[in-house]
There are 2 protein chains.
Amino acid sequence: MYVTDLDTPTPVIDLDLVDKNIHRAQAYADTHGLALRPHIKTHKLPELAHLQLRAGAQGVTCQKIGEAEVMADAGVTDILISFNIVGRTKLERLRSLARRADCQVVADSEAVLLGLSETFANEARRLPVMIECDTGGQRCGVATPQAAAELAVLTTKLPGLVFRGLMTYPPKHRVKEVGDWLEAARAACRDAGVEVEVISSGGTPDFFQAHAQRLVTEYRPGTYIYSDRAQVASGHGTLEDCALRIVATVVSRPAEDRCILDAGSKTLSSDTLGLTGFGHILEYPDIGIVALSEEHGHCHIPPGTKGPVVGERVTIVPNHACAVTNLFDRIPAMRGGRLEAMLTIAARGKVQ
Amino acid sequence: MYVTDLDTPTPVIDLDLVDKNIHRAQAYADTHGLALRPHIKTHKLPELAHLQLRAGAQGVTCQKIGEAEVMADAGVTDILISFNIVGRTKLERLRSLARRADCQVVADSEAVLLGLSETFANEARRLPVMIECDTGGQRCGVATPQAAAELAVLTTKLPGLVFRGLMTYPPKHRVKEVGDWLEAARAACRDAGVEVEVISSGGTPDFFQAHAQRLVTEYRPGTYIYSDRAQVASGHGTLEDCALRIVATVVSRPAEDRCILDAGSKTLSSDTLGLTGFGHILEYPDIGIVALSEEHGHCHIPPGTKGPVVGERVTIVPNHACAVTNLFDRIPAMRGGRLEAMLTIAARGKVQ
């Protein structure tokens with residue numbers, strides 16, 4: 001079965017490129033002595049998590065317990081959940097999960113730590129916790145190195161918990177500032193009597209500069225496995241490295257300067273990630289996907305460009321691979337141009 | 001079971017509000033002699049399609065064959081697919097579907113009509129086809145009233161097809177221009193010897209002005225059943241009418257002016273529809289959801305506002321209801337504040 005046999009719109013992954021992306025990242029991590037802990041949010045596929053682990057990854061990263069449960073169900077045993085776990089239902093799920101897989105979590109407040117401690121106080125095995133640090137990304141994380149040290153100390157004192165280290169999701173392209181922050185946090189921890197052994201960073205854009213991020217011992221890239229238009233724009237590889245593509249059909253050619261695809265926001269996602277347009281059409285690089293309805297991709301054909309005809313298929317590199325894989329229940333995986341598997345995206349939609 | 005028993009993030013629908021929205025729309029359509037053909041893209045639920053039909057809707061509208069198949073499987077028998085059906089696989093699925101449900105489709109080019117005709121030439125029942133008209137929305141549709149008449153004539157001549165009328169997805173708030181366009185198209189069809197009996201328009205924003213849209217005999221609103229922040233901004237009802245909401249939990253309060261929700265783009269969608277921010281927090285109307293990661297909602301707390309604490313729950317009216325329901329497999333439906341059903345969003349992700 002070939003790509004041309006698949007109905008559209010459909011995402012397609014190229015396993016040859018996936019392998020290449022996995023091995024290039026692992027080789028880099030090995031060269032620099034970094035532990036690799038890929039974020040499964042990009043593919044959401046146990047099969048690809050196992051490819052990453054077999055290549056040498058130490059474990060995986062998940063954002064939500066539901067994702068971690070899917071991975072544990074598929075035999076993945078070393079899981080960092082890089083998200084504050086809050087509320088009784090989730091804490092109880094985490095406790096169950098931690099009995100059958102090696103789980104670690106993060107925390108950025110006393111409130112989160114107290115919930116974790118209360119839940120794990122009577123467990124046979126203490127829960128490893130990393131303190132999440134806001135090194136400039138302005139998402140979660142403690143605001144200062146001193147606050148990181150205070151929570152590290154608290155972690156060492158609370159029943160049921162063990163301090164694992166510091167974790168950050170750093171701002172893009174600010175390697176030096178992030179390093180300064182983490183160095184100050186490590187020093188503050190040491191001053192408070194806590195040694196920091198693991199420092200975990202993430203983000204595909206700066207992954208290949210991870211060796212320049214002083215102190216980082218572990219890295220959690222996600223998108224590198226597929227890459228996408230936003231990663232290429234960030235300087236990570238080229239369009240040829242992008243292993244996830246969308247195949248779409250032209251369903252209307254209503255004007256000289258306009259064609260409409262059967263792929264809209266329910267296929268490409270509305271994510272722009274700061275880019276202009278909603279994807280890159282490989283066969284027609286000059287034609288922009290300028291707007292999306294849910295089921296329509298609105299394309300602008302510049303003057304002088306002979307656009308596609310109704311029924312013609314095009315191949316799109318999406319802006320954001322992770323958002324695309326959250327829209328589909330299954331994804332065809334090709335190798336050498338032929339269908340190798342129709343994979344179920346088992347962790348799709350696991351937002352709880 | 002109450003909303004407080006549901007884990008977060010989760011969408012929730014209020015069936016009391018759904019009923020109210022359905023009946024208000026049906027009463028308006030009845031008063032003005034309009035056939036109502038709700039678009040199921042908003043809810044994607046056979047259960048709610050049947051509520052709409054029982055209230056008096058003539059049939060439903062779907063955008064893709066996969067959605068229509070789900071509706072037919074659930075006993076819906078009158079279905080307009082308002083999308084050009086292109087390619088052998090989909091044409092064959094349409095032929096199968098049309099043997100078990102009354103299907104109609106649209107076309108905006110000779111290429112689409114020829115594909116339909118070839119597929120239905122030997123069928124016992126001819127396929128009703130509407131000509132899609134671009135009355136200013138610049139999506140699909142023929143560009144001129146004359147072109148509409150030409151395709152109408154072609155439809156009457158092609159084997160297997162029957163001309164049903166004209167269809168448009170009009171631009172918002174341009175009722176007069178749309179009416180002029182359709183009047184010219186009807187006249188052009190008449191001049192060419194084809195009477196237009198059905199003229200179908202759509203879009204919730206102008207639904208309650210449909211009586212002012214001269215000639216329109218059928219209307220295909222979708223979002224009216226739930227409404228959302230974008231509809232309210234367009235002048236359709238109020239936030240209190242919005243039957244779909246998101247319940248989320250505050251997982252981090254990293255700074256005085258910032259809190260982070262467990263609902264990101266995988267819950268709220270990245271759709272802005274021209275609005276600022278990614279949803280309206282009912283309990284904290286001054287706090288803006290200013291950015292989304294996949295699993296994080298980044299909120300700005302203005303000076304002087306006492307923001308929520310970690311663990312607190314908030315209720316969000318999303319920007320775009322249709323995009324939200326495409327992200328979840330199941331949706332809790334409440335009535336009188338209690339859970340009445342956990343509905344499977346059966347037509348979710350049916351983009352083919």
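A: The following account treats a helix pair and then a sheet. This is a predicted model, in which local features need pLDDT of at least 70 and side-chain atom pairs count only at pLDDT 80 or more, while totals for chains, interfaces and linings use all residues. Residues are numbered from 1 along each chain as its sequence is written, chains are lettered from A and ligands numbered from 1 in the order in which they are written, and side-chain values use heavy atoms, with hydrogens and water left out.

Helices (H or I, at least four residues) and strands (E, at least two) are DSSP runs numbered from the N terminus. In chain A, the axes of H6 (residues 145-157) and H7 (residues 175-191) come within 8 Å and cross at roughly 40°. Axes are lines fitted to C-alpha atoms, for helices over the stretch in contact, and angles run from 0 to 180 degrees between N-to-C directions. Pro145(A), Gln146(A), Ala148(A), Ala149(A) and Ala152(A) of H6(A) meet Trp181(A), Ala184(A), Ala185(A), Ala188(A) and Cys189(A) of H7(A), contact meaning heavy atoms within 4.5 Å.

In chain B, 8 strands form an open sheet with parallel pairing, ordered S2-S9-S8-S7-S6-S5-S4-S3; two strands pair if DSSP finds at least two bridges between them. Strands S2 (35-36) and S3 (60-62) of chain B stand at the edges with a single partner strand each, so one side of each lacks a neighbour in the sheet. S5 (residues 102-107) and S6 (residues 127-133) of chain B pair in the parallel sense over 3 bridges, and Ala107(B) has Ile131(B) in S6(B) as its bridge partner. Helix H4 (residues 88-98) of chain B packs on the sheet, touching S4 (78-84), S5 and S6 of chain B, and its direction makes about 145° with that of S5(B).
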